[in-house]
Amino acid sequence: MASLKQLITEIHRRSLWQVLAIYVVASWAVLEAADVLVERLALPEWVYGVAIILLLIGLPIVLATAFVQEGISPTQQHDPTLVPGAEPGSEARAREVAGARRLLTWRNAITGGVLALALSGVVAAGWLLLGPEERASMAAGTLMRKSIAVLPFANLSADEENAFFASGIHEDILTYLSKVADLRVISRSSVMKYADANVNSREVAGELGVAYILEGSVRRSGNRVRITAQLIDAQSDEHLWAENFDRELADVFEIQTAVAQQIVAQLQARLSPEERQRLAEVPTDDVEAYDLYLKAREIIRGGQIDAEAESEAARLLERAVELDPEFALAHVMLADVSGDIYWFAIDRTPERLATMKAAIDRAFQLQPDLPEARMVLAEYYYRGFYDYERALEQLEIAHRQLPNNADILYMMGLTYRRLGLWDESIASFEESAILDPENIRNYGELLNTQLNANRPDEGEVLARRLLEKYPRHGLISAHLALILLNGQGDVEEARRVLADATPTEDWYWALASLEAALYARDFDAAASVAQRYKRVYDTIVPGTGDLYAGEVEAARGDEARAREHFMVARGRFEEEIAKPYSSNYMWPHVLLAMTEAYLGEREKAIASCERAAAILPYDKDRVHGMWVPTYCAFARARLGDVDFALAELERVIDLPSGYSRRSLALDPRWDFMRGNPRFDALTRSADGL
């Protein structure tokens, strides 16, 4: 007891409480700075962990130093053999303490702290200097331990119509988890193939690249709902957590929050205060409005974009916001539906855009920081105004709030591409593919971007690797064919790839099939393709299919049949230009310019080119903006303005996303220019031709 009192007395005398308080405050400041650096510099989370470990190691060292040094009186500082309170003759003990004094000095403690901070800086700098592939590999290894796939929840309700409800619960839990930055959560589209299937957890985890699997079921009966969930360690097949929730239907959001919080706890994920708050948010108190929202979402997720499906979804959402005017997510989805109706030319009017914006504004009035609203606002700027800078600004904010949302990353990839930021675009598509590995659209746009960025070799390697996993896949085969045609000039291999693949109604398949036949000068096959995929081509602008059919006949040399097609195309393009949306849509103008050039209408063709260039200059859109000078160069060349056309071609031929030298050399539509020395010089410089 006396020894304890003496120790306490010594602690007070040597001011250890003050030293401890100062150390705690300083440690808090260091951790706050580390947290900011981890976020701003995109450093791995273990850098923050290293800082915590170093501070914990430093605590006993600082306290021991204070204990030893603060106990030395001024008269003892110059005699290291003297020990306060030591018995006479205890020379050995004096030497031990003297050694401790020499080691545990404030200079040594400060030097050690500086070295520890320097070591942390070296580690962080080394991380930043690593290539992106090495960083991604190391980060993936860390994040893999906190990665999860939420498999579709089984619908155990007696009423099969409640299948939409089970699907909605599944997607909402996914959304809740996607808000946690310290987790990697696989997207819905990649897990849906496991619905209604007996699955092996380890195999599923291997296919999706995750460590954990969440399974569950939903049973709804009247005003009650029973949700079961279980978390499985896929490697050991151990059930880490399982629980049944039997509640009133009105408590469904509390259940979703509870499930998400359990997953976060079991995976030991860091949860910021903002993330904790977002997990607890309740979107609506009206069960009927929530039902309508889920039904509308199920229609949209079905992938059928047509007037009937979009109108039905809009009707359900309008009823949902009538029941609960403060249901912000329903307003967001209503805006999203309006955006689809506009973008896919179901109703491409300024009024439709205004409807979209009004719904977005209402959502922001209700929840100013709603990330889903920011994503749809980005689509509004992107789709309605080619305002990619403002779109990207909104997407970056949304991504910080929903770091596991693959759709946001996909949209960022599209937006970066339009801005000509090719590396950033490729990285975004790659990141989206990690979160949504079974969604082929990610790989398709990644391949398209590699071709646009003049990286055909990288695109070919990726496409062939993907075809090993997805044999004969139409979309991947189409992108590989386009790379072989326009990036490498290998027509025979491109046609072989397409012949081995399963045909699809996709735009890229239709384009690759037409170009492969044209470049091979197989005009019968090209005419057949133009007729077969006329509806697909017309999704750009009604009349595009007729223009392509006319180009095939013109390349064949059948001017009469070509003119018939061009006359039909011109009429349809003129109908579209008469519509209000055309004042902000480049394609009908530039395609009309091509058509007028084939028909010999010089002034009309030039006027259409000028309108297209004013709507979408290259510095505004580095993808579609490139086709205005390219197509208009073709039009002017057809009209006899050869020098003007060649100057345009020479200016843009090597820019990303443009018409390649290989395409120029192979495309029979340019045959009328062959023999011109400047034109032939452009085609001769294509490697391998």
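Me: How many disulfides does the structure hold?

Reply: This is a predicted model, in which local features need pLDDT of at least 70 and side-chain atom pairs count only at pLDDT 80 or more, while totals for chains, interfaces and linings use all residues. Residues are numbered from 1 along each chain as its sequence is written, and side-chain values use heavy atoms, with hydrogens and water left out. Taking a disulfide as a pair of cysteine sulfur atoms within 2.5 Å, the number of disulfides held by the structure is 1.

Me: Which cysteines form the disulfide, and how far apart in sequence are the parts that the pair ties together?

Reply: The partners are C609 and C632, whose sulfur atoms lie 2.1 Å apart. Helices here are DSSP runs of H or I with at least four residues, strands are runs of E with at least two, and both are numbered from the N terminus. Because C609 lies in helix α30 (residues 602-615) and C632 in helix α31 (residues 627-638), the parts tied together are separated in sequence by 23 residues.

Me: Is the disulfide of C609 and C632 left-handed or right-handed, and are the two cysteines buried or exposed?

Reply: The torsion about the S-S bond of C609 and C632 is about -110 degrees, and therefore the disulfide is left-handed. For accessibility, buried means under 20% relative accessible area, exposed over 50% and partly exposed in between, with a 1.4 Å probe and protein chains only. By that scale, both C609 and C632 are buried.

Me: Which residue forms a salt bridge with R188, and which residues belong to the network joined by shared partners?

Reply: A salt bridge is a side-chain nitrogen of Lys or Arg within 4 Å of a carboxyl oxygen of Asp or Glu, and the count by this rule comes to 48. R188 pairs with E171, the closest N and O atoms being 3.3 Å apart; R188 counts as buried at 14% relative accessibility, and E171 counts as buried at 8%. In another salt bridge, R464 and E460 meet at 2.9 Å, N to O. Salt bridges that share partners make one network of E171, D172, R188, R297 and R301.

Me: How are α7 and α12 oriented to each other?

Reply: Axes are lines fitted to C-alpha atoms, for helices over the stretch in contact (heavy atoms within 4.5 Å), with angles from 0 to 180 degrees between N-to-C directions. The axes of α7 and helix α12 (residues 287-301) come within 9 Å and cross at roughly 85 degrees, and the residues in contact include E171 and D172 in α7 and R297 and R301 in α12. Angles under 35 degrees count as roughly parallel, over 145 as roughly antiparallel, 65 to 115 as roughly perpendicular and the rest as oblique. The two helices, α7 and α12, are therefore roughly perpendicular.

Me: In which sense do β4 and β5 pair, and which turn residue between β5 and β6 has a positive phi?

Reply: Two strands pair if DSSP finds at least two bridges between them, and β4 (residues 212-221) and β5 (residues 224-233) do so over 10 bridges in the antiparallel sense, with R220 opposite V225 in β5. Their hairpin has 2 residues between the strands, and G222 in the turn has a positive phi of about 60 degrees. Strand β6 (residues 238-248) runs antiparallel to β5, joined by 10 bridges, and in the hairpin of β5 and β6, with 4 residues between them, the turn residue with a positive phi of about 60 degrees is D237.
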